[in-house]
Amino acid sequence: MSKQLSPGKKLKDAISENSPLRVVGTINAYCAMMAERLGHQAIYLSGAGVANASFGLPDLGITSVNDVTEDIRRITDASSLPLLVDADTGWGGAFNIARTVREFERAGAAGLHIEDQVAQKRCGHRPNKEIVTAAEMVDRVKAAVDARRDEDFLIMARTDALAQKGLNAAIDRAQACIEAGADAIFAEAVTDLKHYQAFSTALDVPILANITEFGKTPLYDTNQLAEVGVDIVLYPLTAFRAMNFAAAKVYQHLLEHNDQSDLVDQMQTREELYDFLNYHDFEKKLDALFSQSKQK
């Protein structure tokens, strides 16, 4: 009997087998199910997404490790895809970071990224970010690496240093994180393809490009990113933003019109929903159970 791959091994295999790997944000369990059915190989849970969608809060480090872990459980219970998770700054010092890694791993995550902003963090594409020293970031990575139980659980180091200290300093910081055990690097708020090329040339681990809308990074396509050595392309909140836009239009329409008939062709049908949920399989199970009960 073959040994089942761990979530971390699934993620690492997906990275090595794709050039680059597309990782899509899934804000909840149902989105994860759709992404899997449609053919994606890896999914992502954004810290901003948890704050925005689950709590109605801005992405300012307000939510806790327990808040994020609950959403991890829901997603990994619904999908077999490897899930990369945003761990923000780790929610504290070395022991807090260790707890974060263990909680995420127990909940079924495949890996996480931890960043070098101060605890009172901001969205990586906002101004006035502050970062910790390189030594403190290295300590964060060491704490995360030391805490994992599965050596394939992916520890990714995110650096926000590019905007504050420039390209060379950001690469030096990334290299220090790799020496501390980081498996991959997430360079945030990159504004030029040449910067990705520089990270890729200097570092011997997978590089992630965060292609988030309305931020500092242009919406480069996967071919452009592959040419400069990017291994992972992240779309953290793309579907969530589209969902929000659609929902706002629906709510406004219902205030202004007498019914929703003009919107029906923009909706997922009941049958499509049931198909993604495997609804009919559940019904058949119920029918079989009730049938057995009646025979007794």
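This is a short tour of a predicted model, one selection at a time.

Stop 1: Eight of them form a closed barrel in the order 1-2-3-4-5-6-7-8, with parallel pairing. Neighbouring strands of this sheet are turned against each other by 25 degrees on average, direction ignored.

**Stop 2: strand 4.** Select residues 111-115. Are the residues of strand 4 buried or exposed? Five of its five residues are buried. Gly111, His113 and Glu115 point one way, while Leu112 and Ile114 point the other way.

Asp86 stands opposite His113. Strand 3 and strand 4 run parallel, joined by three bridges. In strand 5, Met156 stands opposite His113. Five bridges join strand 4 to strand 5, again in parallel.

**Stop 3: the crossovers.** Trace the chain from strand 3 through helix 5 (residues 94-106) to strand 4: this is a right-handed β-α-β unit.

**Stop 4: strands 5 and 6.** Select residues 154-159 and 184-187. These strands pair in the parallel sense over four bridges. Find Arg158; its bridge partner in strand 6 is Phe186.

**Stop 5: helix 9.** Select residues 193-202. Which residues of helix 9 are buried? Among them are Leu193, Tyr196 and Phe199. They lie on the same side of helix 9, because they cover an arc of only 120 degrees around the axis. On the other side, Lys194 and Thr201 are exposed. The buried residues pack against helix 8 (167-179), strand 6, strand 7 (207-210) and helix 10 (222-227).

Next, pick Asp192, which caps the N-terminal end of helix 9. One of its side-chain oxygens lies 2.8 Å from the backbone nitrogen of Lys194.

**Stop 6: Thr217.** Where does Thr217 lie? It sits in the loop between strand 7 and helix 10. Thr217 has a relative accessible area of 3%, so it counts as buried. A polar atom of its side chain lies 2.7 Å from the backbone oxygen of Val190. Leaving aside neighbours within four places in sequence, the contacts of Thr217 include His125, Asn210 and Tyr196. Tyr196 is one of the buried residues of helix 9.

Key. Residues are numbered from 1 along each chain as its sequence is written. This is a predicted model: local features need pLDDT of at least 70, side-chain atom pairs count only at pLDDT 80 or more; totals for chains, interfaces and linings use all residues. Side-chain values use heavy atoms; hydrogens and water are left out. Two strands pair if DSSP finds at least two bridges between them. Helices (H or I, at least four residues) and strands (E, at least two) are DSSP runs, numbered from the N terminus. Axes are lines fitted to C-alpha atoms, for helices over the stretch in contact, and angles run from 0 to 180 degrees between N-to-C directions. Buried means under 20% relative accessible area, exposed over 50%, partly exposed in between (1.4 Å probe, protein chains only). The arc is that of the directions from the helix axis to the C-beta atoms. Contact means heavy atoms within 4.5 Å. A polar contact is a pair of N or O atoms within 3.5 Å; within protein, one must be able to donate a hydrogen and the other to accept it, and residues adjacent in sequence count only if both atoms are side-chain atoms. A crossover is right-handed if, with the strands pointing away from the viewer, the path from the first strand over the helix to the second runs clockwise.
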